[in-house]
Amino acid sequence: MAARPVSRILERLVRSSARGCSSGAPVTQPYPGEPLQPATEELSRRRQFLREHAVPFSAFLTDSFGRQHNYLRISLTEKCNLRCQYCMPEEGVPLTPKADLLTTEEILTLARLFVKEGVDKIRLTGGEPLIRPDVVDIVAQLHRLEGLQTIGITTNGINLVRLLPPLQKAGLTAINISLDTLVPAKFEFIVRRKGFHKVMEGIHKAIELGYNPVKVNCVVMRGLNEDELLDFVTLTQGLPLDVRFIEYMPFDGNKWNFKKMVSYKEMLDTIRQQWPELEKLPEEESSTAKAFKVPSFLGRISFITSMSEHFCGTCNRLRITADGNLKVCLFGNSEVSLRDHLRAGASEEELLRIIGAAVGRKKPRHAGMFNISQMKNRPMILIELFLLLQDSPPASLSIFSWDPLQVQGLRPRMSFFNQMATFWNSVPQTPPLVPQWMGSGSPQRHYSSHVDSDANSKCLSPGSRVPAAHSGPWPTSNQLTHVDSEGQAAMVDVGGKPDTERVAVASAVVLLGPVAFKLVQQNQLKKGDALAVAQLAGIQAAKLTSQLIPLCHHVALNHVQVQLELDSTRHAAVIQASCRARGPTGVEMEALTSAAVAALTLYDMCKAVSRDIVVGEIKLISKTGGQRGDFHRA
């Protein structure tokens with residue numbers, strides 16, 4: 001297989017980059033069976049002791065759905081030495097004044113309180129946590145907290161070679177390193193900075209010091225790095241890595257687009273084509289990752305499916321931002337300032353009541369990927385930090401939300417689904433107009449895929465924007481059928497519907513302009529017969545609709561008819577597409593796709609002559625055969 005030899009190349013890349021590490025020390029991997037570092041051995045003993053002396057979990061950290069939050073993420077800084085495209089806007093973010101950030105003592109005070117209540121895992125984040133000067137001391141102080149089993153850190157790896165040895169001695173037990181590409185030039189493009197080889201050195205240093213597994217976080221973005229999936233998997237062949245593929249998530253400033261997101265199932269299908277023997281590993285309790293392993297490979301891979309398959313039901317995470325806000329959900333926009341209450345002299349009991357109230361309001365799940373993309377939330381760089389829009393009063397519980405109306409220059413926007421619902425519910429229900437005939441002021445070229453078509457067949461009037469009319473029962477609904485209750489895209493189940501004869505007709509109009517119209521009319525385009533090519537394209541598009549429209553069912557069409565007529569009064573081509581099939585689902589999407597692609601093909605044939613061509617008036621004319629009755633646009 002082509003991907004397998006890449007393993008040796010990538011291993012050499014890791015090793016060669018490590019040989020040039022800034023420390024200048026010789027780099028060697030630990031031999032199998034070599035004892036772990038003293039800090040790791042001590043932590044193993046602590047974990048065993050705590051398992052044997054477990055106490056009831058804190059009610060303050062248990063939400064109304066019974067989720068126990070024993071995992072705390074603390075942001076140490078807003079600053080970062082990279083500018084990753086999915087994390088931070090290119091221009092950077094406004095930083096909170098230093099006086100408003102948590103001090104080291106405040107961080108340790110809050111950590112001590114959470115650990116006392118049952119938190120047994122703390123992860124330090126940023127920004128980039130390793131640029132904080134006292135990060136080693138903070139880890140050492142956390143290591144002294146009785147009950148804390150795991151201290152982890154998430155880093156971009158730039159400073160890891162220098163800092164990881166003292167961090168391990170201080171008590172660091174887990175490491176996550178962000179790396180989105182194995183191509184140095186692409187790395188520089190994604191993070192807008194240099195440093196690829198430093199990150200690779202950091203990964204090797206973590207392996208050398210006995211961390212197993214070393215987790216590598218890779219945000220997968222379509223058109224950018226999804227072509228490297230197999231290379232990342234191959235990296236686990238000879239290295240104790242857990243490569244975690246993360247679905248691209250929407251945050252302020254990262255220009256999230258659904259089309260950029262590569263879903264977990266799509267990634268898994270790609271990998272399984274190369275390694276069909278890929279096996280799923282048992283999921284750990286409260287794990288965010290779906291883990292897999294290629295048999296005989298030393299490492300493994302995981303998928304973080306925040307968008308396509310959320311894991312909200314088992315969420316056990318809380319976050320404290322660098323400026324001291326408690327955030328109970330990564331994708332939520334409600335936060336409470338613990339910093340203000342600390343500085344106002346709140347007692348431990350008062351702080352616990354504030355924390356408990358916030359945790360108690362945690363929702364059962366996040367809003368779904370499409371709704372999240374419309375929400376005003378922090379940029380990812382500020383998820384564990386935040387530019388306050390308003391200060392909370394120190395003496396009382398303060399919950400505040402990001403409100404687009406409070407941010408200068410932003411206008412309130414409806415969600416995609418609300419816009420669609422408003423559009424469909426606003427169609428005027430006026431009596432149908434009398435159909436008009438198209439004038440024929442010049443000789444007409446008429447193309448039809450039906451051998452018995454009538455050259456004087458009826459078509460749309462130039463100004464006809466006619467409201468819809470329907471016959472039979474057609475109940476309206478305020479719910480989109482292709483969206484589930486959580487706002488996620490879903491294909492409609494048609495398994496229980498009866499097979500009926502389905503027919504749909506759709507149309508489109510291409511305004512060619514006088515020059516292109518004349519050439520098409522006289523069949524003098526250099527590319528050839530534009531009407532004939534567009535007709536064939538429309539037929540082909542109808543047959544391929546399910547491959548072009550993601551949630552459409554595949555339909556075995558019995559017949560497709562595409563007609564193109566020229567309208568000299570508008571210098572336009574009028575396209576009508578008709579599809580027929582027998583089955584449980586309609587064929588209106590096939591007809592609409594056929595008409596639209598025929599129109600686009602005509603544009604393509606004529607664009608060398610004129611760029612002032614307009615494609616429009618794509619609409620459904622009629623559909624019959626469905627359970628909800630027939631539809632006819634007059």
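The questions and answers below concern a predicted model.

Q: How many residues does the largest nonpolar core have?
A: Among the residues with the most contacts inside this core are F114, I122, L142 and I175, and the list also includes L179, F245 and L326. Nonpolar side chains tend to be buried together in soluble globular proteins. The largest nonpolar core has 98 residues.

Q: Is L164 buried or exposed?
A: L164 is placed in helix 5, residues 160-170. Buried means under 20% relative accessible area. The relative accessibility of L164 is 0%, so L164 counts as buried.

Q: What is the C-alpha to C-alpha distance between L164 and L209?
A: Not counting residues up to four places away in sequence, L164 touches L172, I175, K205, A206, L209 and Y211. L209 is 45 residues from L164 in sequence. In space, C-alpha to C-alpha, the distance is 8.5 Å.

Q: Within what arc do the buried residues of helix 9 fall?
A: Helix 9 covers residues 264-274, and its buried residues are Y264, M267, L268, I271 and Q274. An α-helix has 3.6 residues a turn, so residues three or four places apart point the same way. Seen down the axis of helix 9, the buried residues line one face because they fall within an arc of 115°.

Q: Which residues are exposed on the other side of helix 9?
A: The buried face of helix 9 is covered by elements including strand 5 (214-220), helix 8 (229-235) and strand 6 (241-247). Strand 8 (289-293) and strand 9 (300-304) are also among the covering elements. On the other side, the exposed residues are K265 and Q273.

Q: How far apart in sequence are the parts tied together by the pair of F245 and F303?
A: F245 and F303 form a tilted aromatic pair, 5.8 Å centre to centre with 35° between the planes. Both F245 and F303 are buried. F245 lies in strand 6 and F303 in strand 9, so the parts tied together are 58 residues apart in sequence.

Q: What type of ring pair do F292 and F303 form?
A: F292 lies in strand 8 and F303 in strand 9, so this pair ties together parts eleven residues apart in sequence. The relative accessible area of F292 is 1%, and F303 has 0% relative accessibility. Planes over 60 degrees apart count as edge-to-face. The ring centres are 5.6 Å apart and the planes are at 80°, so the pair is edge-to-face.

Q: Which lysine lies over the face of Y264?
A: Y264 belongs to a cluster linked by ring pairs, together with F232, F245, F292 and F303. The lysine is at 5.5 Å from the ring centre of Y264. That residue is K290.

Q: What is the separation of the C-alpha atoms of Q540 and V597?
A: Q540 lies in helix 15, residues 530-543, and is partly exposed at 41% relative accessibility. V597 is 57 residues away from Q540 along the chain. Their C-alpha atoms are separated by 9.0 Å.

Conventions: Residues are numbered from 1 along each chain as its sequence is written. This is a predicted model: local features need pLDDT of at least 70, side-chain atom pairs count only at pLDDT 80 or more; totals for chains, interfaces and linings use all residues. Side-chain values use heavy atoms; hydrogens and water are left out. Helices (H or I, at least four residues) and strands (E, at least two) are DSSP runs, numbered from the N terminus. Buried means under 20% relative accessible area, exposed over 50%, partly exposed in between (1.4 Å probe, protein chains only). Contact means heavy atoms within 4.5 Å. A nonpolar core is a set of buried Ala, Val, Leu, Ile, Met, Phe, Trp, Tyr and Cys residues joined through side-chain atoms within 4.5 Å. The arc is that of the directions from the helix axis to the C-beta atoms. Rings of Phe, Tyr and Trp (its six-membered ring) pair if their centres lie within 6.5 Å; planes under 30 degrees apart count as stacked, over 60 as edge-to-face and the rest as tilted. A charge sits over a ring if NZ of Lys or CZ of Arg is within 6 Å of the ring centre and within 35 degrees of the ring normal.
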